[in-house]
Amino acid sequence: MHAGRPPNASAVWLRAISITSAAMLMASCHEGVLDPHGPVGKAERVILYDSTAIMLAVVIPVIVLTLVFAWWFRARNSQARYRPDWEYSGRIEMIIWSIPALIVLFLGGIAWTGSHDLDPPLPLAESTAPLDIEVISLDWRWLFIYPHEGIASLNRLVVPAGVPLRFRLTSTTVMNSFFVPQLGSQIYAMPNMVTRLNLLADQPGIFEGLSAQFSGDGFSDMRFDLVSTEAEEFKAWVNATKTQGGVLDAGAFDELVKPAKAAGAQTYAQVSEGLFDRISSRSTAAVSPQRGQ
């Protein structure tokens, strides 16, 4: 290009598209499924990359061949053969059917092995004892019960980093979807049922959790923070929660069940024994004595 000559319009558009695409890719990598912080999320990212590579192995050649064919069979190319009576080629038929069959085979194999290796109820291969957490989806908030610690938290989940998390999930009304994108494994919480999930946060940090299932007016705000801390900080948080007061019994739960949009985090120093089981079985009327009494 000579000095002072204005840039070609197509070059300007191409540069703008390239910069925009790169910015979007860089922005998307700071959080979400492309920035995992746990073994499950990292394994799912590998599956995503492998699946994308397999599909691009077909998409890219098709795009290139489309441009090549359009260029070769242009009107001014005297070397291109015009064959109006051509209608069948066994070799071409075999190629165009074998490639999609191989793609389906490869993608199906990845999905098959991944669904078994990353089965949500399957315990993680960790030597550390897991932390049990009971999750209840409300309209439109998340309630987390720590059964062994005897405490509960609303809209805020605090866990120790490097410790396997063993979840039991249920819902009070409609179906919701529990999802922490950076840890992986979206799973449904359904009324009168208990689903199970195993996750792990491999380092301290704050990871956004959400409901990926539309459930009403407050659905868009049905989010929570998963706070991963060091083991000592987690113990300190448990002890501090026990001293802050608040009892989660049948009466307090009746208030939580009422539809309400998320309004910050809240903790409970005591939780009625067996509350989660009674909620999942639709029998919250009778609640056993509180822990610690």
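User: What volume does the largest pocket have?

Analyst: This is a predicted model, and the value is computed from its atoms. For the largest pocket, the volume is about 160 Å³.

User: Which helix gives the most to the lining of the largest pocket?

Analyst: Helix 2 (39-72) and helix 3 (90-117) each supply at least two residues of the lining. Among the lining residues are Ala 57, Val 58 and Pro 61, as well as Ile 95 and Ile 96. With six residues, the one that gives the most is helix 2.

User: How many nonpolar, polar and charged residues does the lining of the largest pocket have?

Analyst: The lining includes Val 62, Leu 65, Phe 69, Ile 99 and Pro 100. Each of these five types counts as nonpolar. By class, the lining has no polar residues, no charged residues and 10 nonpolar residues.

User: Which strands are the edge strands of the open sheet of six strands?

Analyst: The order of strands in this sheet is 8-5-1-2-3-12, with mixed pairing. An edge strand here pairs on one side only. The edge strands are strand 8 (195-199) and strand 12 (266-268).

User: Which residue in strand 12 stands opposite Ser 153?

Analyst: Strand 3 (residues 151-154) pairs with strand 12 in the antiparallel sense, over three bridges. In strand 12, the residue opposite Ser 153 is Thr 267.

User: Is the ring pair of Trp 142 and Phe 178 stacked or edge-to-face?

Analyst: The count of aromatic pairs comes to 11. In this pair the ring centres are 5.5 Å apart and the planes stand at 80°. Planes over 60 degrees apart meet the rule, so the pair of Trp 142 and Phe 178 is edge-to-face.

User: How many residues apart in sequence are the parts that this pair ties together?

Analyst: Trp 142 lies in strand 2, whereas Phe 178 lies in strand 6 (residues 176-179). The pair therefore ties together parts whose separation in sequence is 36 residues.

How values were computed. Residues are numbered from 1 along each chain as its sequence is written. This is a predicted model: local features need pLDDT of at least 70, side-chain atom pairs count only at pLDDT 80 or more; totals for chains, interfaces and linings use all residues. Side-chain values use heavy atoms; hydrogens and water are left out. On a 1 Å grid over the protein atoms alone, a cavity is a set of points where a 1.4 Å probe fits but cannot get out, and a pocket is an open set with protein on both sides within 12 Å along at least five of seven lines; lining residues have an atom within 4 Å of a point. Grid points are joined across faces, edges and corners, and a volume is the space filled by probe spheres set on the points. Helices (H or I, at least four residues) and strands (E, at least two) are DSSP runs, numbered from the N terminus. Two strands pair if DSSP finds at least two bridges between them. Rings of Phe, Tyr and Trp (its six-membered ring) pair if their centres lie within 6.5 Å; planes under 30 degrees apart count as stacked, over 60 as edge-to-face and the rest as tilted.
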